[in-house]
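Look at the model first, then read the points below.

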Amino acid sequence: MQQLYAISDEILTPYSTIHSQLEAALCAGVSIFQLRDKTHTDSEIAPLVSELSSLCHHFNARFVLNDRYELACKLGVGVHLGKDELYKLNPNESANLPYLGISCYDSLQKAQQAKMLGADYIAFGSCFDSPTKPAAVRAPLALFAQALPLGIPLCAIGGITPENAKFLKNADMLAVITALWRGDIAQNVAKLLEAMRAD
């Protein structure tokens, strides 16, 4: 069964309300949550990381921190790395990480490398036009079928909605930002999960 993967957004999930928003999403059925912050320092967000990872643990959901490898290692939380952070990956340290995801964009070769680096899952995208990253490289949806022999969970990201989720049946996780946080969170999660489970 596919899992719904929520990613925070500094506009749609401001830190004044992110706790209650995440709790609503987890209650509704989100399985994985990624905290994505491009503006604050590690020391500024460390308390929030601890708070939100504990909330995820309470709901038996996974918590992942975007890019901040050193902070993830320090706090013992999962991490998701893109191409600009991947060079920091230390196999000895990553073995102690509870969860490691790696962005592979539109490249099967990068996915093969990510598996060798010990990734617990790999992400392809942008799968569709993304309001969050309008300039992102588009990943062919055929990549998901091509990557199945790797035997590693596959995450789809970028412009995913209840209307286009049906095209991602070979993905194990659907990562969503706008379609989840904008409007009624519980209703959005319900619509996404319904679309994911439809034949």
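A salt bridge here is a side-chain nitrogen of Lys or Arg within 4 Å of a carboxyl oxygen of Asp or Glu. Asp 67 and Lys 38 meet that rule, with N to O at 2.6 Å. The model is predicted. By this rule the count comes to 6 salt bridges.

**Asp 67 and Lys 38**

- Asp 67 counts as buried, at 15% relative accessibility.
- Lys 38 is partly exposed, and its relative accessible area is 48%.

**Arg 68 and Asp 37**

- A salt bridge joins Arg 68 to Asp 37, with the closest N and O atoms 3.0 Å apart.
- This pair links distant parts of the chain, 31 residues apart.
- Arg 68 is in the loop between β3 (62-66) and α3 (69-75), while Asp 37 is in the loop between β2 (32-35) and α2.
- Arg 68 is buried because its relative accessibility, 12%, falls under the 20% limit.
- Asp 37 is buried too, with a relative accessible area of 4%.

- Asp 129 forms a salt bridge with Arg 138, and their closest N and O atoms are 2.8 Å apart.
- Asp 129 counts as exposed because its 62% relative accessibility is over the 50% limit.
- Arg 138 is partly exposed, with a relative accessible area of 43%.
- Elsewhere, salt bridges that share partners join Asp 37, Asp 42 and Arg 68 into one network.
- As a general point, side chains of opposite charge can pair when their charged atoms come close.

**Nonpolar core**

- The largest nonpolar core has 71 residues.
- Phe 33, Ile 122, Phe 124 and Leu 180 have the most contacts inside this core.
- Helix α2 (residues 42-58) gives the most to the core, with 7 residues.
- In soluble globular proteins, nonpolar side chains tend to be buried together.

**Around Phe 33**

- Which residues does Phe 33 contact, leaving aside its neighbours within four places in sequence?
- Phe 33 is in contact with Ala 6, Ser 8, Ile 18, Leu 22, Leu 52, Cys 56, Arg 62, Phe 63, Val 64 and Trp 181, with those neighbours left aside.

Methods
Residues numbered from 1 in each chain as written. Predicted model: local features only at pLDDT ≥ 70, side-chain atom pairs only at ≥ 80, totals over all residues. Heavy atoms only, no water. Core = buried A, V, L, I, M, F, W, Y, C linked by side-chain atoms within 4.5 Å. Buried < 20%, exposed > 50% of the residue type's maximum accessible area, 1.4 Å probe, protein only. Helix = DSSP H or I, 4+ residues; strand = E, 2+ residues; numbered from the N terminus. Contact = heavy atoms within 4.5 Å.
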